[in-house]
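Subject: Structure handover

Hi there,

Here is the structure I promised to pass on.

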Amino acid sequence: MTKSSITFSRRYSLLMIMFFALCLAAKAQLSTDFYKATCPDLLKIVRREVLSAIKTEMRMAASLLRLHFHDCFVNGCDASLLLDVTDSEKAALPNLNSARGFEVVDRIKSSVESACSGVVSCADILAIAARDSVVLSGGTSWKVLLGRRDGLVANQTGANNGLPSPFETLDVIISKFATVGLDVKDVVSLSGGHTIGLAKCGTFSNRLFNFSGTGSPDSTLDQSMLTDLQNLCPLTGDGSNTAPFDRNSADLFDNHYFQNLINGKGLLGSDQILFSSDAAVTTNTKSLVLSYSSNSRLFLSDFADSMVKMGNISPLTGSAGEIRKNCRLVNS
């Protein structure tokens, strides 16, 4: 083991210990029945609105799932991503012209407010909507811990620096997960969320023609898929065309994504490196991909566990933060 890998391992272990303690404290303050008395129909209301949105556009399931992910990685799960403010996280590079579904969240919030005004946080709405999006796409369910409150500030710099990028190395991605208390298994299982949804050419076109300055495409990319993507995303294009994350299974929440990785059909560089990179062996992501590819039940179970774990990242509880009346604005 090299000196740098030992240093990374020690730093990673320390971060995990610190965040494990924080997550235990957070979990103790959240509960599955938090709104049992104050908003008893909450889950039915959110499920109805998410179902309506997905019926209108199947892709919305992935979009709502991604909102929860991108929210929790910055300032914790506090709905700071939803704020329309000067330092908006929406304007951060990972979210700009990419994060979507805000109007659906507005509709859910409006319906919830009509039933129980000033009670349910936008952060909790994001958590429930993410779970329902997975379930309505054919995935597993889990009990969502509730009781989060909404943050008062956004953090554009945090979004730019803290959200994993499709262009980063596996070690960097693992480090970013560790910073918020998530481990290697969480990296792989949560990446499996890419079993649904679409990505713009701009997020993977670097692999198609001149990968890492080699003058050639990414050699780990399946040849037939490469040809299709080169036609979809020509060098003269604007990068706005979209392709499914999970080729041949774009709308079903299953373990097909991992089977694609084994066959060189991961769309993003950050997808394929989970299996094909040298680091995939040393970090154990390759073995997890293999396990999930052949065991759907294991993937769905680990994904649900990781979603609960992610939902516990630094929530505001008690008297911290507020319950926003409008998810886009702090209360006046």
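Ile262 is found in helix α10. Leaving aside neighbours within four places in sequence, Ile262 touches Phe275, Val289, Leu290 and Ser293. Its C-alpha atom is also 8.0 Å from that of Ser276, a residue 14 places away along the chain. Please keep in mind that this is a predicted model.

Helix α11 (residues 269–276) packs against helix α13 (residues 285–294) at an angle of about 95 degrees, and the two axes are 6 Å apart. That angle makes α11 roughly perpendicular to α13. On the α11 side the contact involves Ile273, Leu274 and Phe275, and on the α13 side Thr285, Lys286, Val289 and Leu290. Sorted by class, this contact has five nonpolar residues, one polar and one charged. Phe275 and Lys286 also show up as a charge-over-ring arrangement: Lys286 lies over the face of Phe275, at 4.9 Å from the ring centre.

A second case of this kind involves Lys90, whose charged end sits over the ring of Phe102, 4.2 Å from the centre of that ring.

Now to the aromatic rings. How many aromatic pairs does a search of the whole structure find? The search gives 12. One of them joins Phe69 and Phe177 in a tilted arrangement, with 6.1 Å from centre to centre and 55 degrees between the planes. This pair links distant parts of the chain, as Phe69 belongs to helix α3 (residues 60–72) and Phe177 to helix α7 (residues 170–179), 108 residues apart. Phe69 and Phe177 are both buried. Another pair, Tyr257 with Phe258, is edge-to-face, at 4.9 Å centre to centre and with 80 degrees between the planes. Tyr257 and Phe258 are buried too. These two residues also belong to a cluster linked by ring pairs, which takes in Trp142, Phe253, Tyr257, Phe258, Tyr292, Phe299 and Phe303.

Where does Arg247 sit? Its place is the loop between β2 (242–244) and α10 (256–262). Is Arg247 buried or exposed? At 18% relative accessibility it counts as buried, because the cut-off is under 20%. Beyond its neighbours within four places in sequence, Arg247 is in contact with Ser224, Met225, Asp228, His256, Asn260 and Lys265.

Last, a word on the backbone. Most residues other than glycine have a negative phi. Asn97 has a positive phi, near 55 degrees, and is placed in the loop between α3 and α4 (102–115). Its relative accessibility is 61%, so Asn97 counts as exposed. Asn284 has a positive phi of about 80 degrees and lies in the loop between α12 (278–282) and α13. Asn284 counts as partly exposed, because its relative accessibility of 41% falls between the limits of 20% and 50%.

Best wishes

Note on methods:
Residues numbered from 1 in each chain as written. Predicted model: local features only at pLDDT ≥ 70, side-chain atom pairs only at ≥ 80, totals over all residues. Heavy atoms only, no water. Axes fitted to C-alpha atoms, helices over the stretch in contact; angles between N-to-C directions. Helix = DSSP H or I, 4+ residues; strand = E, 2+ residues; numbered from the N terminus. Parallel < 35°, antiparallel > 145°, perpendicular 65-115°, else oblique. Contact = heavy atoms within 4.5 Å. Nonpolar A, V, L, I, M, F, W, Y, C, P; charged D, E, K, R; others polar. Phe/Tyr/Trp six-rings, centres within 6.5 Å; stacked < 30°, edge-to-face > 60°. Buried < 20%, exposed > 50% of the residue type's maximum accessible area, 1.4 Å probe, protein only. Lys NZ or Arg CZ within 6 Å of the ring centre and 35° of its normal.
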